[in-house]
Amino acid sequence: MSMLMAGFGRVNVTPMLGIGVAGYYKERFADGVLDDLEINALALACGDDRVVLLSMDHCGLKRNVMEVYRKHVSEATGIPFEAVFISATHTHTGPILEEGSQDTLIQEYYQLVYRKMADAACLALGDLKPARMGWRIGNGPNVAFVRRFRMKDGGIRTNPGVNNPNIESPIGDVDERVNVLRFDQENGDSLVLVNFGNHPDMVGGNKISADWPGFLRRTVEKSLDHTRCIFFNGAQGDVNHVNVWPKNGDLNDTFMDFDDVSRGYGHARYVGRVMAGAVLQVFDKVEYVEVDSLRWVQREIKVPSNMPTSEEVEKARGIAALHRAGKDEELPFQGMELTTVVAEAERMLDLEHGPEEFSMPLSGIGIGEVALVGIPGEPFTGIGRALKDTPGFALILPCCLVNGAEGYFPMKEAYEEGGYESRSSEFKAGVAELIIQEGKKLLEELSH
């Protein structure tokens, strides 16, 4: 008889209109709501051990914010700080949320989420019931695409535009595996945890939306009676929804946005439905496994900073000044190339005086023979694949933006090649390989 117990909680964290919208290098303010934002919580208990996994519809919460929220959840529930696992889904149509802001709406929202995060955890713990766990891997075809390309002119570009004749080939390929965990409560609901790596940046504009993860949750719950769904995004740093070579009806429900990216609320709905289909593929045929222990580990890693030279800083000042003055037309770039140059300049100015290294947490949760690895930023697909291949567990779920949102973690070769992610990253080449190395050590600790 399994010792496992599982519970679910959900709270609404849709912000007020007028608040700044996070996700782009341009100002946006919320002028409407397409669908609600949520914090979803999965609480697990085994004997005296308890953990809580929280997933918030947000672009990404910095470590200093996460630590305040984790401490509050820990104090409200009695769960150890290291056993509080908070992730952002990475929707690009959610509000700005930061500590110490002078903006009244952001201050109010910060406090709202502070309370709601603990509420979600408490609701999940209050729902704990004896449960069994099963897992299986589904498939999510043709909704995630590599977003970095070699160009015929010899350059490397991120999101080079749909049907761009200068595209030569994508760099890498997509991991289409959809990790599904199912927890069946006795005399309760089935709780489904879904893990897949893809950018939720499909909606655009100024209206609040949970993007495709919201559609995924709602579609699963409409399709399966007495089921609740929670989503944790995976290794998505070099992957998004843009099919640069569309055919037939691939561009239905999309428009071409300012940065040469095809977006559309209808496309987010489509991706959510495909991902829900991946859950339905395997839901009835999961492999149930005994769970006799819960474990948690947090491992601190030190990462060298990608500091600029003095010459780079001077050039960056000129680019940033034009962008901040609203004079992008005076910069000789368009679309995603413009975003790349601006992001690179801001990174250089941020790091002009250091620090020389960053400290970041890797977080691990072990549920019997299943492990979740929390990475505090946006890992490339190569990181996710390497962690999934670590021996010792039946299933490993790499999760991005967990307990921090510290930036992009590109593979070493991406720094040599170029592109938005490596040029904007605050970390030196080698960060991805360090995360893989330390992540495997974390999994080794977690297996004991």
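## Helix α10

In this predicted model, helix α10 covers residues 431–446, which makes 16 residues. From its first C-alpha to its last, helix α10 reaches 22 Å, close to the 22 Å expected at 1.5 Å a residue.

Which residues of α10 are buried? They are Val431, Ala432, Ile435, Ile436, Glu438, Gly439, Leu442, Leu443 and Leu446. In general, an α-helix has 3.6 residues a turn, so residues three or four places apart point the same way.

## Helix α7

Helix α7 runs over residues 381–388. Six of its eight residues are buried, so the helix is largely enclosed by the rest of the structure. The buried set consists of Thr381, Ile383, Gly384, Ala386, Leu387 and Lys388.

## The chain as a whole

The chain contains ten helices and 24 strands. A compact globule of 448 residues would have a radius of gyration near 22 Å, and the 21 Å of this chain agrees with that value. Taken along the principal axes, the C-alpha atoms fill a box of roughly 65 × 50 × 45 Å.

Burial extends to 61% of the 448 residues. Among contacts between residues at least 6 apart in sequence, 78% join residues at least 24 apart.

## Surface and charge

The chain exposes about 17400 Å², and carbon and sulfur atoms supply 47% of this area. How many side chains are positive, and how many negative? There are 45 positive and 66 negative side chains, and the centres of the two sets lie 3 Å apart.

How values were computed:
Residues numbered from 1 in each chain as written. Predicted model: local features only at pLDDT ≥ 70, side-chain atom pairs only at ≥ 80, totals over all residues. Heavy atoms only, no water. Helix = DSSP H or I, 4+ residues; strand = E, 2+ residues; numbered from the N terminus. Rg over C-alpha atoms; globule rule 2.2 N^0.38 Å. Buried < 20%, exposed > 50% of the residue type's maximum accessible area, 1.4 Å probe, protein only. Contact = heavy atoms within 4.5 Å. Areas by Shrake-Rupley, 256 points an atom, 1.4 Å probe, with all protein chains shown as cover. Lys, Arg positive; Asp, Glu negative; His and termini not counted. Charge placed at Lys NZ, Arg CZ, Asp CG, Glu CD. Expected span 1.5 Å × (residues − 1).
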